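Biologist: Please take a close look at one helix pair in this model. After that, go through the other local features that can be described.

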Amino acid sequence: MTLWRIRATVDDRPGYLSVLTASLALRGVNILTVQVHTTERGAVDDFLVDAPESIDEADIIAAVERGRGRDCWVARSEARGLADQPTRVLGLASRLVHDPDSTGEVLRALLAADEVTWRPAPATARSGIDGMTMLLADPNGGSYALRRVAPSFTPAEYARAQALLELGATAARRATEQVTVVLPDGAELTVRPAVAEDLAAVVELHEACSARSRQRRYLGGAAQPSPARLRRLLEPARGVTLIAATTGSGGAAESVVAMANLLGEGDEAELALLVRDDWQRRGLGSTLLRRVTRQAESAGYAAMVLHVQAENAPMLRTLRRLSRPSTVERDAGLLTLTVPLTVDVPAPVERTG
């Protein structure tokens with residue numbers, strides 16, 4: 001038996017696909033996988049088939065045409081074509097996330113393209129497909145031009161490729177936002193924007209904090225916040241959450257040891273910090289405060305607002321180290337500090353990770 005790839009257009013009408021598959025079955029052709037690409041001219045069916053050794057390309061084309069298929073393209077395939085398509089795409093996406101520089105190779109593998117060229121000019125309104133060519137907008141700037149001898153590209157393939165580019169751009173952007181900070185005692189930590197996948201690590205952070213630390217952060221009590229609330233904090237509708245993490249030796253999973261939340265409301269943003277007890281009084285709170293202040297300024301907020309217990313001397317000292325003028329309102333044991341965002345802050349010592 002021999003593996004073949006078949007691509008043919010079939011009218012998108014009830015029963016037409018079954019006519020095509022019946023015509024192939026009469027020649028002993030076994031369909032292993034099928035993908036359907038919807039186009040304006042009809043449904044483009046992409047088959048991977050197993051055919052008898054006695055059947056050649058001309059026989060397959062004839063069977064497709066007898067089955068009411070048109071614009072038929074046939075090529076020999078290999079065993080790797082048996083890989084599940086969603087699994088294959090997920091594998092390419094994983095490769096792109098870990099190596100954003102492999103974008104061209106990933107696009108070539110995804111679409112079996114013969115040529116992949118990056119161009120500095122943006123795709124603008126010309127992005128899309130035109131027969132054997134495809135033009136994709138690069139979210140990082142410029143565009144990718146793809147070409148293959150056959151078959152023609154489909155809208156579904158264009159959508160997959162553009163989605164992969166968006167994923168790669170997001171991974172690259174997060175890589176540039178991640179930094180390694182060096183604390184005064186020489187300890188190194190990674191600071192980066194939080195994502196939804198950090199939920200389990202952030203839950204562990206809260207479990208490792210003392211009841212007093214949690215009570216100072218959330219004011220209303222020392223109870224552990226629910227996972228649903230923490231999930232909203234990780235990816236707020238407006239604002240950003242930064243996490244600080246240390247990576248164990250030997251490539252062990254990172255451990256989140258601090259979190260800074262900046263939640264936007266109107267032209268102000270509310271700020272709150274949580275630092276694991278064994279990482280307190282080491283300069284980590286000040287480092288996070290400076291970074292999140294720059295984030296607030298970049299986002300265009302007019303001021304930051306912090307609610308701090310009057311007895312929380314460590315947090316008040318951290319705020320004083322920010323060297324910013326602020327106004328203070330007191331309501332019993334609760335202080336509300338408003339910090340205008342109008343003065344540049346010296347950057348902390350750090351290096352890109």
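**A helix pair and other local features**

Modeller: Helix α3 (residues 85-98) and helix α4 (residues 103-111) have axes that come within 10 Å and cross at roughly 175 degrees. The model is predicted: local features need pLDDT of at least 70, side-chain atom pairs count only at pLDDT 80 or more, and totals for chains, interfaces and linings use all residues. Residues are numbered from 1 along each chain as its sequence is written, and side-chain values use heavy atoms, with hydrogens and water left out.

Helices (H or I, at least four residues) and strands (E, at least two) are DSSP runs numbered from the N terminus. Axes are lines fitted to C-alpha atoms, for helices over the stretch in contact, and angles run from 0 to 180 degrees between N-to-C directions. α3 and α4 are therefore roughly antiparallel, a label for angles over 145 degrees, whereas those under 35 are roughly parallel, 65 to 115 roughly perpendicular and the rest oblique.

In contact (heavy atoms within 4.5 Å), Arg88, Val89, Leu92, Arg95 and Leu96 of α3 meet Thr103, Glu105, Val106, Ala109 and Leu110 of α4. By class, this contact has 6 nonpolar, 1 polar and 3 charged residues. Nonpolar here covers Ala, Val, Leu, Ile, Met, Phe, Trp, Tyr, Cys and Pro, charged covers Asp, Glu, Lys and Arg, and the others, Gly among them, are polar.

Next, α10 (residues 313-321). Its buried residues are Met315, Leu316, Thr318 and Leu319; buried means under 20% relative accessible area, exposed over 50%, and partly exposed in between (1.4 Å probe, protein chains only). Down the axis of α10 the buried residues fall within an arc of 155 degrees, so they line one face of the helix; the arc is that of the directions from the helix axis to the C-beta atoms. They pack against β13 (268-275), α9 (284-298), β14 (303-309) and β16 (334-340). Arg320 and Arg321 are exposed on the other side of α10.

The backbone comes last. Most residues other than glycine have a negative phi, and most peptide bonds are trans. Serine 323, which follows α10, has a positive phi near 55 degrees. In the loop between β13 and α9, arginine 281 has phi near 60 degrees and counts as exposed because its relative accessibility is 70%. Alanine 332 sits in the loop between β15 (327-331) and β16, with a positive phi of about 55 degrees. Alanine 332 is exposed, at 61% relative accessible area. Alanine 150 and proline 151 are joined by a cis peptide bond, with omega about -5 degrees; proline 151 is in the loop between β8 (143-147) and α5 (155-177).
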